[in-house]
Amino acid sequence: MSVIECPSDLTLISDEMSIGDVIQDIIRMGPHEDPLHVLDLDDVVRKHYGWCAKMPRVKPYYAVKCNDDPRILQTLMTLGTGFDCASKGEMERMIGLGVKPDNIIFAQPAKSIPSLLYARSKQVSVMTFDGAVELEKIHQYYPEARLVLRMRHDSLQVRCSLGKKFGCDPISEAPELLRYAATLRMNVIGISFHVGSDCDEHQVYYDAVKIAKDLFDYAKTIGYDFSLLDIGGGFPGDNNKPIDRYAKAVNVAIDHYFPAELDIRIIAEPGRYYVASAVTLVSFVDSKRVVKEKQEDGTEKTRMYYYLNDGVFGTFYCTAHEAQPAIPIVERKLGAKEYSSSVWGPTCDVMDLILPDVLLPELDVGDSVVFENVGAYGQVLSCRFNGFAIPKVVPYLREGTWKILQDLTAASAAISARSIDSLDGKLLVTHESYAPIAEATYLV
């Protein structure tokens, strides 16, 4: 493996290497005691440039909760994204890394009082609300906050419907809340929505933007002049799920309802989009059991039980609780027979079942089992139940991309030194290495 000098928590590889080459090297050096999350930071960079090229009017505010690996956060900081924080801890994390308060949205409609006071102390002023009690609480503890009313608009084709928990009805509740905010003299600056996690329906974004425009128009009749539209998250991020159709729906909607001459700031809160395909799990078979199952006709059928060093209490929480597919990639050995197989995690909990029934070529103890697209929530939801280690993250970045990020860091430092506040955090930057897939990025 070609490696040059790099930070201690990151391995730089030659531009000619693929992440597949890295994974094969890891497998050859195995089996490993701990499950490994191979983090391809180049994938994160490509996703960012892809977003900027496909939705140039929509500034991404990365949802920190999706994957808070420091290398991901630092890469996105360098690229100039904003950050969607949902807790005091996430705000502390990002401010500690040097993110400016204006580049954070406190997108949590049910905030604690200490978190509000912390946001006020750090001047994180943009935040969401969806009810009268929340509005009153903000009025009491952070009256100068800039508020974004979160309306509910659910897609019916999502992995997780967030509208069950957050978002006011745009017809029956939102106008009343806006009137109440006006009586309290609160500074409401816009509307947000979230169609749900991992949405499979692009048209829902168009419909949501249309409804948001109605609320913009209503707000104007009671004295507000909104300046912000937040289209939330829900964008897919697996390597076989491009966002082109989503981008088209969003672009058509915002160009029609919020044309550029209105000077409305448009942001989004992508999480899964940025990181799902950036992480590949390399796990290993710790143990194996051969089970003879009696069939109704009296015959026996052989089923294989495989016990991996990762499971539902590690990478596969979303597989168990949100029906996220887990697609194993294994080496097919010469002459190996296929068996109906059950794939289990390492703990003693019977619920630690990754795949109840999958057809696999026979595996041996120590063999690798690889899973792609595990970067969204696969790490942050892991725990140490039964004493097993959470997946170990091993990050990689190509030398050429490292040079791009270093150049952006230097440019950002130069801008900060000159105190060019008039740019409002939006400087268009291009780089020839990513020219085929991107027009520009945001540099803070």
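Tyr377 sits in the loop between β15 (368–371) and β16 (392–398). Its phi is near 70°, a positive value in a residue other than glycine. Tyr377 counts as buried because its relative accessibility is 18%, and the cut-off for buried is under 20%. The model is a predicted one. The chain holds 12 helices and 18 strands, and buried residues make up 53% of its 444 residues. Of the contacts in the chain with a separation of 6 or more, 70% are between residues 24 or more positions apart.

**Loops with marked backbone geometry**

- Asp263 has a positive phi of about 60°, although Asp263 is not a glycine.
- The loop that holds Asp263 runs between α9 (244–257) and β10 (265–268).
- Is Asp263 buried or exposed? Asp263 counts as exposed because its relative accessibility is 66%, and the cut-off for exposed is over 50%.
- The peptide bond from Gly30 to Pro31 is cis, and its omega is near 0°.
- Pro31 belongs to the loop between α1 (19–28) and β2 (36–40).

**Two residues of strand β13**

- Strand β13 covers residues 338–344, and Ser342 is part of this strand.
- Ser342 is buried, as its relative accessible area is 4%.
- Which side chain makes a polar contact with the side chain of Ser342? The partner is Arg303, at 3.2 Å.
- The side chain of Ser342 also reaches a backbone atom, the oxygen of Pro356, at 2.7 Å.
- Not counting residues up to four places away in sequence, Ser342 touches Arg303, Met304, Tyr305, Tyr306, Leu353, Leu355 and Pro356.
- Glu338 is partly exposed, with a relative accessible area of 39%.
- The side chains of Glu338 and Arg332 are joined by a polar contact of 2.6 Å.
- Leaving aside neighbours within four places in sequence, Glu338 is in contact with Arg332, Leu359, Leu360 and Pro361.
- Glu338 and Met304 are 34 residues apart along the chain, and their C-alpha atoms are separated by 9.6 Å.

**A threonine in helix α3**

- Thr75 is in helix α3, which spans residues 70–79.
- Thr75 counts as buried because its relative accessibility is 6%.
- How far is the backbone oxygen of Arg71 from a polar atom of the Thr75 side chain? The distance between the two atoms is 2.8 Å.
- Thr75 touches Leu41, Val44, Val45 and Leu405, not counting residues up to four places away in sequence.

**Packing of helices α6 and α7**

- Two packed helices are described by the angle between their axes and the distance between the axes.
- For helix α6 (residues 132–141) and helix α7 (residues 174–183), the axes come within 10 Å and cross at roughly 20°.
- Why do α6 and α7 count as roughly parallel to each other? Angles under 35 degrees count as roughly parallel, so the crossing at roughly 20° puts α6 and α7 in that class.
- The crossing in which α6 passes α7 is right-handed.
- Where the helices meet, Ala132, Leu135 and Glu136 are the residues from α6, and Leu177, Tyr180 and Ala181 are those from α7.

**Cysteines**

- How many disulfides does the chain have? A disulfide needs a pair of cysteine sulfur atoms within 2.5 Å, and by this rule the count comes to 0 disulfides.
- Cys318 is in no disulfide, and the nearest cysteine sulfur, that of Cys66, is 8.6 Å away.
- Cys318 is buried, with a relative accessible area of 4%, whereas Cys348 counts as exposed because its relative accessibility is 73%.

Technical notes. Residues numbered from 1 in each chain as written. Predicted model: local features only at pLDDT ≥ 70, side-chain atom pairs only at ≥ 80, totals over all residues. Heavy atoms only, no water. Buried < 20%, exposed > 50% of the residue type's maximum accessible area, 1.4 Å probe, protein only. Helix = DSSP H or I, 4+ residues; strand = E, 2+ residues; numbered from the N terminus. Polar contact = N/O pair within 3.5 Å; in protein donor to acceptor, adjacent residues only side chain to side chain. Contact = heavy atoms within 4.5 Å. Axes fitted to C-alpha atoms, helices over the stretch in contact; angles between N-to-C directions. Parallel < 35°, antiparallel > 145°, perpendicular 65-115°, else oblique. Left-handed = near helix turned anticlockwise from the far one by under 90°.
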